Each structure stands twice: as C-alpha cells, then as structure tokens.
Amino acid sequence: MKRPLAYITAPWGENEFENTENAARYCRLVYDAGFSPVCPLLFLPLFLKDEIPQEHKDGIDMARDYLRRAHVLVVCGSSVGETVKNDIAMAERLRITATTLDGILTVKGQGRDIGKGGQSHE
C-alpha cells in the first residue's frame with residue numbers, strides 16, 4: 001500500500017537540538033499513522049547554510065515544493081507561529097488538506113493514550 005505524503009510543520013524554536021528531536025518524534029507518529037512524513041527541517045539544514053541569503057531562499061523554495069507534492073499538511077506543536085501560518089495559507093491555496101497531529105492520530109485510530117513522550121501504548 002502506498003503511503004500518502006504528509007508535510008510536517010510546527011512552530012520551530014531557537015534550540016536546534018530540540019527542534020530536531022520534536023521533528024523526528026512528529027515524523028514517527030505520522031509514519032505510524034500510515035503516512036510518509038516529509039519534514040524539511042530534518043534534512044535541509046544538513047546541506048544548506050541558512051545564513052547565506054540565496055541558500056535561505058532556496059531552502060524556502062524547496063520546502064514549498066515538498067508541500068506542493070504532499071497530500072496533507074500536518075500541523076504539530078501547541079502554538080501557531082508565522083511559518084506555520086504561511087504553510088497553512090499555502091496549503092489552502094493549493095487545496096491541500098491541513099490538519100493537526102492529533103487529528104491524524106485520531107482519524108487513524110492511533111490517538112489513544114499517546115502522552116508527552118509520543119509513545120503509543122497499544
């Protein structure tokens with residue numbers, strides 16, 4: 001069975017380690033719910049230098065291209081920052097369904113007793 005692409009967005013903070021940890025946890029939960037997660041935050045910084053203006057712009061363009069290819073936008077985290085608002089607006093323009101992580105987990109029957117650690121107790 002082919003897994004639909006799910007673009008992962010969240011209000012990323014200043015702490016790179018925490019962002020990576022959260023992004024990996026979100027991706028795992030979305031994967032467990034039957035999707036192929038795409039989270040540019042996990043791989044673009046490995047080869048792009050955000051402090052170089054052209055590479056920063058290229059990163060934004062690449063992320064938008066991944067969103068265009070996705071079947072769903074999954075909004076993770078407990079708040080909505082500017083990046084998340086932009087991702088939601090872009091998904092709306094592209095007629096891509098936007099939902100929350102809780103929404104994906106509930107619909108897929110994975111939403112029981114997830115807890116803070118992101119572990120599903122099945």
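Tutor: Buried denotes under 20% relative accessible area, exposed over 50%, and partly exposed the range in between, with a 1.4 Å probe and protein chains only. The model is predicted: local features need pLDDT of at least 70, side-chain atom pairs count only at pLDDT 80 or more, and totals for chains, interfaces and linings use all residues. Residues are numbered from 1 along each chain as its sequence is written, and side-chain values use heavy atoms, with hydrogens and water left out.

Student: How many salt bridges does a search of the whole structure find?

Tutor: Side chains of opposite charge can pair when their charged atoms come close. The criterion for a salt bridge is a side-chain nitrogen of Lys or Arg within 4 Å of a carboxyl oxygen of Asp or Glu. The search finds four.

Student: Which residue forms a salt bridge with arginine 69?

Tutor: The partner is aspartate 65, with the closest N and O atoms 3.1 Å apart. Both residues lie in helix 3, four residues apart, about one turn of the helix; helices (H or I, at least four residues) are DSSP runs numbered from the N terminus. Arginine 69 is exposed at 53% relative accessible area, whereas aspartate 65 is partly exposed at 29%.

Student: Where do lysine 57 and aspartate 61 lie?

Tutor: They are four residues apart in helix 3 (residues 53-69), so about one helical turn separates them. Lysine 57 is partly exposed at 44% relative accessibility, and aspartate 61 is partly exposed at 36%.

Note on methods: Helices (H or I, at least four residues) and strands (E, at least two) are DSSP runs, numbered from the N terminus.
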